[in-house]
Amino acid sequence: MEAPKVLDNAAEVDFPLLLRTLRTRACLTQEELAERSGLSIRAISDLERGRTNNPHRRSVTLLAQALRVEEHLLEHFRRSARQRPGTRPAAVPSGAGRPVPPTPVPAAQQQCGGLSALIEWMRQVLVEEPAGRHQAGTVGRDAVRLVELVGAQGPAKTAVVVQAAARFRRHFPDGQFYLSADTRQLDRAVLTNRISWLLGIDPSDGDTPDEKARRVRLALRSRRALLVLENVTDATHIRPLLPSGGLSAIIVTAPRTLAAFEGVWTIDIPPSAPVHAGHGLSAPSLMPV
């Protein structure tokens, strides 16, 4: 449902959707709303995902003030927050039997600032949605946490990687690792050894390539780390190193879409795209293979 329709029907809308819509309209990320309201990012995330019922009245007031909720919406906002669980129809999950893709970047949020909106969307993909599915034990918990940034090298792609890493730092306490993975210059064995070294793995000289790759996957699956692989030109070199599920996330930059990845989120970024004012950075698109 688009933002105008949500707000026009505020009296009939669940609090998580209403809160998320008002935050998007205000051009705020969850972190920015947390800073403005004094609530924690986790609290806001739980509210938007419907994991917290009956929030404290003080919290609702702080959110309303931070979002500058208009007088005619304020009572609906408060009443929606007090709504008892189960008194409104629950949303029916879609896509049974396969992971449900995250909501694309809303058009209103793209207009608020392309880079900020994109980073927030990546946080949902790499942090919030996988964590929620993992905790709930639902379908999709074993999917690779991966976002692919496609386009020639340029300031726009660099800005996305740098700011995303800075924004996500607290979610990956086991480290953030960067590696130029241009497979035109590195073969699979060298690439595996370099990633192993970054992760503090000391592979035995007697290990086979498959065993070394398995140890990398195990490390990424068990740790909460962010791995950035830049300038990837051949996905077949890195695919054996990527874990299914687990706690780590991967950002891959590539000059073109890597067809070897199945069902990953691919973001096209022109090399000269401005990274402010909501221009140049297009909405992500799911690229199923």
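**A chat about the model**

Guide: Glutamate 211 is partly exposed, with a relative accessible area of 25%. Here, buried means under 20% relative accessible area, exposed over 50% and partly exposed in between, using a 1.4 Å probe and protein chains only. This is a predicted model, where local features need pLDDT of at least 70 and side-chain atom pairs count only at pLDDT 80 or more, while totals for chains, interfaces and linings use all residues. Residues are numbered from 1 along each chain as its sequence is written, and side-chain values use heavy atoms, with hydrogens and water left out.

Visitor: Which side chain does glutamate 211 meet in a salt bridge?

Guide: Arginine 214, at 2.8 Å from N to O. A salt bridge is a side-chain nitrogen of Lys or Arg within 4 Å of a carboxyl oxygen of Asp or Glu. Both residues lie in helix α11 (residues 209-222), 3 residues apart, about one turn of the helix. Arginine 214 is partly exposed as well, at 36% relative accessibility.

Visitor: How many salt bridges does the count come to?

Guide: The count comes to 9. One of them pairs aspartate 46 with arginine 42, at 3.3 Å from N to O. These two are 4 residues apart in helix α4 (residues 41-48), so about one helical turn separates them. Aspartate 46 is buried at 12% relative accessibility, whereas arginine 42 is exposed at 52%.

Visitor: And what does arginine 184 pair with?

Guide: Its side chain meets aspartate 182 in a salt bridge of 2.9 Å, N to O. Arginine 184 counts as exposed at 65% relative accessibility, and aspartate 182 as buried at 8%.

Visitor: Now lysine 157. Buried or exposed?

Guide: Lysine 157 is buried, yet has no salt bridge. The nearest side chain of opposite charge is glutamate 230, 7.9 Å away; for charge, Lys and Arg count as positive and Asp and Glu as negative, with His and the chain ends not counted.

Visitor: Where is lysine 157 found, and what is it in contact with?

Guide: Lysine 157 is found in helix α9 (residues 155-168). Leaving aside neighbours within four places in sequence, its contacts (heavy atoms within 4.5 Å) are Leu149, Val150, Gly151, Ala152, Thr253, Ala254 and Ile269.

Visitor: Switching to rings: how many aromatic pairs are there?

Guide: A search of the whole structure finds 2. Rings of Phe, Tyr and Trp (its six-membered ring) pair if their centres lie within 6.5 Å; planes under 30 degrees apart count as stacked, over 60 as edge-to-face and the rest as tilted. Phenylalanine 15 and phenylalanine 77 form a tilted pair, 5.1 Å centre to centre with 55° between the planes. Phenylalanine 15 lies in helix α2 (residues 15-25) and phenylalanine 77 in helix α6 (residues 71-82), so the pair ties together parts that are 62 residues apart in sequence. Phenylalanine 15 is buried at 5% relative accessibility, and phenylalanine 77 is buried at 0%.

Visitor: What about tryptophan 121 and tryptophan 265?

Guide: Their ring centres are 5.1 Å apart and their planes are at 75°, so the pair is edge-to-face. Tryptophan 121 in helix α8 (residues 114-136) and tryptophan 265 in strand β5 (residues 264-268) are 144 residues apart, so this pair, too, links distant parts of the chain.

Guide: Buried residues make up 46% of the 289 residues.

Visitor: What average pLDDT does the chain have?

Guide: The average is 76, and 71% of the residues score at least 70; pLDDT is the predictor's confidence in each residue, from 0 to 100. Over residues 276-289 the pLDDT is below 50, and residues 88-111 stay under 50 too. Where pLDDT is low, the predicted coordinates should not be read in detail.
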